[in-house]
Amino acid sequence: MTDTSDPIDRSGLRPRYWETVPLDRMTQKEWEALCDGCGKCCLNKLEDEDTGEVALTRIACRLFDDSTCRCANYDIRHQFVPECISLSPKNIEGSLYWLPETCAYKLLWTGKPLFDWHPLISGTPDSVHAAGVSVQNATLPEFEISEDEWEDHLIEEPLGCD
Ligand code: SF4
Ligand code: SF4
């Protein structure tokens with residue numbers, strides 16, 4: 001079921017601020033509003049030991065809610081998933097290698113524009129799901145799949161950008 005409510009407050013932001021304000025000069029609210037809700041950073045990844053290449057799997061973090069495509073307990077998530085990374089201008093550079101190609105933080109950090117389906121442009125978080133970019137209703141819970149089977153569940157990146 002699609003959830004049309006947006007948990008991120010995108011009201012009262014400077015018009016098209018993401019085109020003019022550098023990531024490290026944004027307000028916290030502007031920074032948070034960049035997240036498109038695709039859910040792909042909540043997927044478990046596999047890293048090739050030799051090349052360092054990272055592949056996304058369909059196996060989602062234990063706190064990920066597949067139907068809403070969101071963290072089920074975002075505010076206190078670190079109590080359950082201490083390794084969950086809070087993206088910030090300080091750690092974005094070191095996170096680029098594992099972030100999905102469509103992630104708004106990665107796009108902007110690498111000088112690319114946001115896609116038209118981004119909620120800041122479309123005005124609705126549903127456009128991310130409609131564009132086929134999110135992993136809504138497409139993940140498997142990590143407690144159901146043993147880690148040595150994760151490689152059977154790799155997904156192609158980028159999703160929905162053809
Ligand atoms: S990959 Fe980026 S845009 Fe997508 S949910 Fe994660 S932080 Fe947000
Ligand atoms: S704790 Fe929440 S935000 Fe962090 S990876 Fe898991 S589902 Fe995503």
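In β2, Val-54 is the bridge partner of Glu-47, and Leu-46 stands opposite Ala-55. Four bridges in total join β1 (residues 43-47) to β2, and these two strands run antiparallel; strands here are DSSP runs of E with at least two residues, helices are runs of H or I with at least four, and both are numbered from the N terminus. Two strands pair once DSSP finds at least two bridges between them. The model is a predicted one, so local features need pLDDT of at least 70 and side-chain atom pairs count only at pLDDT 80 or more, while totals for chains, interfaces and linings use all residues. Residues are numbered from 1 along each chain as its sequence is written, and chains are lettered from A and ligands numbered from 1 in the order in which they are written.

Six residues sit between the strands of the β1-β2 hairpin, where Gly-52 takes a positive phi near 80°. The pair belongs to an open sheet of three strands, ordered β1-β2-β5 with mixed pairing. Its edge strands are β1 and β5 (140-141), each pairing on one side only. Overall, the chain has six helices and five strands, running α-β-β-β-β-α-α-α-α-α-β from the N terminus.

Buried means 20 or more other C-beta atoms within 10 Å of a residue's own, with C-beta atoms placed from the backbone. By that count, buried residues make up 23% of the 162 in the chain.

Cys-42 touches Ala-60, Cys-61, Phe-64 and Cys-71, leaving aside residues up to four places away in sequence; a contact is a pair of C-beta atoms, placed from the backbone, within 7 Å. Cys-42 also turns up around ligand 2, along with Cys-61, Leu-63, Phe-64, Cys-71, Tyr-74, Arg-77, Val-81 and Cys-84. Being near a ligand takes a C-beta atom, placed from the backbone, within 6 Å of it. This shell divides into eight nonpolar, no polar and one charged residue, where Ala, Val, Leu, Ile, Met, Phe, Trp, Tyr, Cys and Pro count as nonpolar, Asp, Glu, Lys and Arg as charged, and the others, Gly among them, as polar.

Note on methods:
Two residues are in contact if their C-beta atoms, placed from the backbone, lie within 7 Å. A residue is buried if 20 or more other C-beta atoms lie within 10 Å of its own, exposed if 12 or fewer, and partly exposed in between; C-beta atoms are placed from the backbone.
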